[in-house]
Amino acid sequence: MVGPLMDISAYMADVGQKARKAATAVARSSTAERNDALLAMADALDASRDALTDANRQDLDAGRENGLEPAMLDRLELTPARIDTMIEGLRQVASLPDPIGEITGMSYRPSGIQVGKMRVPLGVIGIIYESRPNVTVEAASLCLKSGNATVLRGGSESLHSNQAIAACIAEGLRQVGLPEEAVQVIKTRDREAVGKLITMPEYVDVIVPRGGKGLIERISRDARVPVIKHLDGVCHVYIDSHADPEKALAIAVNAKTQRYGTCNTMETLLVDAEIAADILPLLASAFEEKGVELRGCERTRDVLAHVTSATEDDWHAEYLSPVLAIRVVDGLDAAIAHINRYSSQHTDAIVTENYTRARRFLTEVDSSSVMVNASTRFADGFEYGLGAEIGISTDKLHARGPVGLEGLTSQKYVVFGDGHIRS
């Protein structure tokens, strides 16, 4: 570990220089080399189960002494099953198609040259995250597979676990002759390291924060490096007057109750006024059976008199808990207007059998994922066929929605000629 007297600026500059140098080596490595490194990392994790468990026990003991909440301790723990999942994750990423070097859009220009675009790595990716040590493996594997070097800064509560995992990652890189500095896990708990990491554009090309809203707001505010992020998951389901009631009930219940603490969980339900009297009692019964607290607008409470009155704050809320806001709206225009005002541009869905209305919703709702007749819980890299994801982006430049391997790359123009000169 880095000692308390170390100059953090000097340490982070050294990390950055090594990452930049390693990025060049990783970018020119072959698909086979990177895949072999991932498989070697998986083998190293498998062989180091006892060391991983011992390191994790140190973090858990310290966490209990420091009064960490049970939920945080659960996220921190490396169970045998979670180690299995990390190992399997590395092998799955190794099996994914390699995006690097793909050339698309090749066409002849009138001058005779051929012009296209080639997919290339971003370079050095800094990832800042909290508690869960398995993110170390996920992040490292996706960055390496996409031809990037990465600098990882995990939560201070998981320092020993992350360093044990880092040793396995370094072993995998070493076995195939790739530089160990291609994946560096910061060795200090000092928060100044984060401040340095996000202000080193000479060494770091992009930052990906994974954690709570407070962390992401801080990174977005202070970074001098481009950031791929989302702040909130205020997701909506709109039940149109042309919806199939059975589909609407199943989708709404799943979107809210399949998991409460995820960014793609529905937080506000919008219901067309034409069907509110018929469908709201069915929805209320289903949600209350699941233990969900309902907060409704006045028109909702005209039908469901027992529910709590919703406030303006409820339309902005990401509850991440068994609480749901419900609003009755006058048709598609009102639903779209509500979503575009209150949505966090993460994921929003419409339930309808009307093709024209579905197309309008897809066109006019300005979110990174827009769905027709499907639960918002599908907004996930694995479910989208990306194999894995580094996170969700609600930004509009570069990557938007679940960020998989392709989102960790860029494109450059490539031109082929045969002695062509411009006249």
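Student: In which loop is Asp-395 found?

Tutor: In this predicted model, Asp-395 sits in the loop between β14 and β15 (401–403).

Student: Why is Asp-395 counted as buried?

Tutor: The relative accessibility of Asp-395 is 18%. Buried means under 20%, so Asp-395 counts as buried.

Student: What makes the link between Asp-395 and Lys-229 a polar contact?

Tutor: The side chains of Asp-395 and Lys-229 are joined at 2.9 Å. The cut-off for a pair of N or O atoms is within 3.5 Å, and one must be able to donate a hydrogen and the other to accept it.

Student: Which residues does Asp-395 touch, not counting residues up to four places away in sequence?

Tutor: Asp-395 touches Val-227, Ile-228, Lys-229 and Arg-400. Touching here means heavy atoms within 4.5 Å.

Student: Why is Gln-345 called partly exposed?

Tutor: Gln-345 has a relative accessible area of 25%. Buried is under 20% and exposed is over 50%, with partly exposed in between. The 25% value falls in between, so Gln-345 is partly exposed. Gln-345 lies in the loop between α14 (331–342) and β12 (347–351), and its phi is near 65°, a positive value in a residue other than glycine.

Student: What makes Asn-373 partly exposed?

Tutor: The relative accessible area of Asn-373 is 26%. That value also lies between the limits of 20% and 50%, so Asn-373 is partly exposed. Asn-373 is in the loop between β13 (369–372) and β14 (391–393). Its phi is positive, about 55°, although Asn-373 is not a glycine.

Student: How do you know that β3 and β4 pair?

Tutor: Strand β3 (residues 124–129) and strand β4 (residues 149–153) are joined by 5 bridges and run parallel. Pairing needs at least two bridges, so with 5 bridges these strands pair. In one of the bridges, Gly-126 has Val-151 of β4 as its partner.

Student: What is the strand order in the open sheet of 4 strands?

Tutor: The order is β5-β4-β3-β6, with parallel pairing.

Student: Why are β5 and β6 called edge strands?

Tutor: Strands β5 (183–185) and β6 (206–210) each pair on one side only. From one strand to the next, the twist averages 15°.

Student: Which strands does helix α7 lie across?

Tutor: Helix α7 (residues 159–175) lies across β3 and β5, and runs at about 165° to β5. Helix α9 (residues 213–222) packs on the sheet as well, touching β3 and β6, with its direction at about 160° to that of β6.

Note on methods: Residues numbered from 1 in each chain as written. Predicted model: local features only at pLDDT ≥ 70, side-chain atom pairs only at ≥ 80, totals over all residues. Heavy atoms only, no water. Helix = DSSP H or I, 4+ residues; strand = E, 2+ residues; numbered from the N terminus. Axes fitted to C-alpha atoms, helices over the stretch in contact; angles between N-to-C directions. Buried < 20%, exposed > 50% of the residue type's maximum accessible area, 1.4 Å probe, protein only.
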